[in-house]
Amino acid sequence: MFLYNLTLQRATGITHAIHGNFSGTKQQEIVVSRGKILELLRPDANTGKVHTLLTMEVFGIIRSLMAFRLTGGTKDYIVVGSDSGRIVILEYQPSKNMFEKVHQETFGKSGCRRIVPGQFLAVDPKGRAVMIGAIEKQKLVYILNRDAAARLTISSPLEAHKANTLVYHVVGVDVGFENPMFACLEMDYEEADNDPTGEAAANTQQTLTFYELDLGLNHVVRKYSEALEEHGNFLITVPGGSDGPSGVLICSENYITYKNFGDQPDIRCPIPRRRNDLDDPERGMIFVCSATHKTKSMFFFLAQTEQGDIFKVTLETDEEMVTEIRMKYFDTVPVATAMCVLKTGFLFVSSEFGNHYLYQIAHLGDDDDEPEFSSAMPLEEGDTFFFQPRPLKNLVLVDEQENLSPIMSCQIADLANEDTPQLYVACGRGPRSTLRVLRHGLEVSEMAVSELPGNPNAVWTVRRHIEGISPFIYLLCPSGALIIFPLPSFSAPCFQVYPDGIRHIRADKRVNEWKTPGKKTIVRCAVNQRQVVIALTGGELVYFEMDPSGQLNEYTERKEMSADVVCMSLANVPPGEQRSRFLAVGLVDNTVRIISLDPSDCLQPLSMQALPAQPESLCIVEMGGVEKQDELGEKGTIGFLYLNIGLQNGVLLRTVLDPVTGDLSDTRTRYLGSRPVKLFRVRMQGQEAVLAMSSRSWLSYSYQSRFHLTPLSYETLEYASGFASEQCPEGIVAISTNTLRILALEKLGAVFNQVAFPMQYTPRKFVIHPETNNLVLIETDHNAYTEATKAQRKQQMAEEMVEAAGEDERELAAEMAAAFLNENLPEAIFGAPKAGSGQWASLVRLINPIQGNTLDLVQLEQNEAAFSVAVCRFANGGEDWYVLVGVARDMILNPRSVGGGYIYTYRLVGGGDKLEFLHKTPVEDVPLAIAPFQGRVLVGVGKLLRIYDLGKKKLLRKCENKHVPNLVTGIHTIGQRVVVSDIQESLFWVRYKRNENQLIIFADDTHPRWVTTACLLDYDTMASADKFGNISIVRLPPNTSDDVDEDPTGNKALWDRGLLNGASQKAEVIVNYHIGETVLSLQKTTLIPGGSESLVYTTLSGGIGILVPFTSHEDHDFFQHLEMHMRSEFPPLCGRDHLSFRSYYFPVKNVIDGDLCEQFNSMDPHKQKSVAEELDRTPPEVSKKLEDIRTRYAF
């Protein structure tokens, strides 16, 4: 078995985010890392939308990311610390839309190791040096400079190592143009290591250490070190030199402290707490992330606490000395991994979990009535300030980036009866969790919809050349009337083509007419900015061209075609040219002809293509190009010409049109729907794209050097035209029955569009009820209160407030207590209260996945945690469906202990819309897995595998097996066989012997795997994924016998005892592959109607991918060679070796990496050519193979 790995949707969670001028223009961009992906985003300052410019897989783990710019430079470089044992400096090349590796310096082994640098990066704010540090011991400093040709140079590394030292955070200190300085939070563990009593470990203090790079002596010195009272978790650089006082802010538990060299005393300010918080009052509060904003005159910091509250921190100075820290509550947003404040006044927040946001900073919060806290205010030791959280006031949400991370569980099924299956994805954490329904298609936003008096036939827009805005929408009705929707004032020339002639209306309202000769009428026409071609009855073509004075001139000859013309198309006039050179004509005889319009050989046929059916419409577009400007400042793209042919049988063909000879080559076909395909040219992100309409509407566009043909998730449209206005620069105006709609497509490149339904706690697992298609979902949160406990705690706090007040303040206190009981801040924004460890909240939800309405909700008691769910029928329970939920009581995660478990049994009543509680069965450990089996159920109770049957008062135990070593995490059944996954010992094959009523393990795996999820592929084959990001497929050898006897007495011969203390038969590994992200669901399914089966996986970071089998040896051979050439010609960006990345834990076996192969499309053309020649193909043939394997299985 050979598989091909394809990513359908790249990971959406963000681990790091930095901002800077990466393209060298004034515009600021954001670079984010998504685990093993580097992505460049550009927020549009006018619309506030975030556009993705470039996404690159780096085939390595990005551990740290920094932007830096050389002194006096205008362009930012990107420094990446990864698991490759190398420091890599990248530059973004806007002309090629690529990241280019400027430097790659090797310093250690690959992999995420304790003492190999890469975890921490710090840059000198003036861009002279960069420090890269490991978690322990090693730190290296590289000096950065320019050579004579203004290229970036990098020095040899300078060591700043210190043994037995753990590093928590490193930053560059802003010292102006003094010697570069770096500050580290460190801890020396040498004494703690050598002291067996453990006293030293308890007294070890964290230190703040400054390292100075002496540029004169070219080495690094430990300048100064001082012990800290509190344990810090990160540092913030304070602007220095001419901009500020320099030094660092240390964020630690409950405090933020300012430190600097010299006579500067420490200034420390407590972190304010929420008033009347339900959190445990003993729990400390820390800042988790920060952003700095600096202008010529002032600077401030935004620091976010772990509850999501952002504080604006400012420093008061007196002659270079800092006198106080001031803090003011700013706003509350979801907890972020990184925040970026842009010069355009935007705040980009990459959330830990859930969607990412772009906010506009509307106010700086200087003049509001929010109290300001200061380090100068007198407080008792251990006391802090209090503030009242409130909805957004200073920030305005302008854009949201959808993020699936973390995907906890996923099922693929066509529950909505749409032919194409939907992905039902349970994702998120805590109160921000959602159940999302993903459908393949582009999301369409409706700008306007208006009813029309009748059903129109067609719609066009006319755009003014100068501003590129469409001021008119023309509608053609069946009665022959023309409706014109005027938009603001307008005067420009336009053509009107009608059956008896052409009218040319000039800008000054003069009208020129051309009448058809004799009894002929015009049947088809094609127009662009300067040319008109019409087809008369009988297949005669007449060509007109506009001269520079705006006069329309007919070309002397006419051209007779061999058959009637059914459709025609002209390309747009390329920037800086007089005319488009080609005309495409589709004839009744199932052919398309390309005809030259060049004055030297005007109306001469150049090439022809035969078609499988009659053409319905044609469209010539220029796609996949790079932006260029001509001398008039007209923006255009230099790309390839493509002829798109829509056939009457619902097939779309895309053919490359040679710009010199007019030859047609490299045809790709795709079936779009049951109606004839109509094509319309529109503009998307500054490039031409094609809207194809059949029974569904599709958009064909080029995005990040790859072609996408994606359906629109919208109702059927009949006719469309591109549309541009102030509000909507790249819209589409379309008609659907008797309505006119103006639409916009903003999320290009997205594979799925999403509908999200909110949840209360983290969704863990769900099952589909086969009869009603409803979902039964379990949600469980650790460190959380149930609704009942929350209400109880609130009541208790309100009573305490009243009791604590004095006699004269009783009334006021009662009012405050009432206000406190009434206030209800939405937890999805403000977070849920943290209850402390060992506190659990859980519920069972019955939900309709199509409407998203909750049909029934069962709240479990405090400290009961649901871990597994199954829906099944019992042999002795009649026709009823039952839901079984496995619940743990008083579970403590570390060290693991549990107060017992229950299996709750519910009956589905009311047509499957209601859960009726039947009984609960106590068990001795956590039931982590439940599966129906032959009219009874299999339950994994801790490490025991049991069969239960339905009883009147509880479930009845029928059979058990005690030989699974640790914890049963999953159960899969097929026939008499059961496959059990253990938490750390991979898979066990168990046979149920009905006559003896025994469960017997007859085979297991040779490798220990920490299985997160598994999936049956066939009777002998299992796919499993582990928590380190590997997918493996194991198969029982053909001679495996599952007819094994248990050996209770142990008197069997020694040699028959089994291998390695395990079962006597072992499974063979047939596939190993490292995905690089923890996989939490696997399912074998077909994703497109009529497609082949594939193995779909979803990851913790929000990625969705598939593994597809090769159907022929020839294909496998081709891709194997392509992968081999790509590894050598196009090595990964961060310096990690591709082969060793995919073999992180187990050597990669029988899987070809489609993500690497697909980078073929983004290589330099000459490299593409050399790789293609090695494979005896042309570059178009290679990219056609890549596209074919993708469309055969998915999208």
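Start by selecting β1 (3–9) and β86 (1094–1099): each supplies at least two residues of the lining of the largest cavity. Strands, like helices, are DSSP runs numbered from the N terminus (strands E, at least two residues; helices H or I, at least four). The model is predicted: local features need pLDDT of at least 70, side-chain atom pairs count only at pLDDT 80 or more, and totals for chains, interfaces and linings use all residues. Residues are numbered from 1 along each chain as its sequence is written, and side-chain values use heavy atoms, with hydrogens and water left out.

**The cavity**

A cavity is a set of points on a 1 Å grid over the protein atoms alone where a 1.4 Å probe fits but cannot get out; its lining residues have an atom within 4 Å of a point. Grid points are joined across faces, edges and corners, and a volume is the space filled by probe spheres set on the points. The structure holds one cavity of 30 Å³ or more, and the volume of the largest cavity is about 80 Å³. Select T7, K36, I1075, E1077 and Y1097, which lie nearest its centre among the 17 lining residues. β1 gives the largest share of that lining, three residues. By type, the lining has six nonpolar, five polar and six charged residues. Here Ala, Val, Leu, Ile, Met, Phe, Trp, Tyr, Cys and Pro count as nonpolar, Asp, Glu, Lys and Arg as charged, and the others, Gly among them, as polar.

**The cores**

Next select Y4, F99, F1119 and L1122, the residues with the most contacts inside the largest nonpolar core, which has 61 residues. Such a core is a set of buried Ala, Val, Leu, Ile, Met, Phe, Trp, Tyr and Cys residues joined through side-chain atoms within 4.5 Å. Buried means under 20% relative accessible area, exposed over 50%, and partly exposed in between (1.4 Å probe, protein chains only). Leaving aside neighbours within four places in sequence, Y4 is in contact (heavy atoms within 4.5 Å) with residues including I1106, F1110, F1119, C1157 and I1189. A second, separate core of 29 residues includes L691, L699, V733 and L748.

**Salt bridges**

A salt bridge is a side-chain nitrogen of Lys or Arg within 4 Å of a carboxyl oxygen of Asp or Glu; by this rule there are 77. E57 lies in strand β5 (residues 50–57) and K36 in the loop between β3 (29–33) and β4 (37–43), so the pair ties together parts 21 residues apart in sequence. Both E57 and K36 are buried.

Then select D368 and K328, whose side chains meet in a salt bridge at 3.1 Å, N to O. D368 is in the loop between β30 (356–361) and β31 (372–374), and K328 is in strand β27 (residues 321–332), 40 residues apart. D368 is buried, at 18% relative accessible area, and K328 counts as buried at 9%.

**Backbone stops**

Select S405 and P406, joined by a cis peptide bond with omega about -5 degrees. P406 sits in the loop between β33 (395–401) and β34 (407–413). The peptide bond from N894 to P895 is also cis, with omega near -10 degrees.

Finish at E319, a residue other than glycine with a positive phi, near 50 degrees. E319 lies in the loop between β26 (309–318) and β27, and counts as exposed at 73% relative accessibility.

Terms used
1 Å grid on protein atoms, 1.4 Å probe; cavity = no way out; pocket = protein on both sides within 12 Å on 5 of 7 lines; lining within 4 Å.
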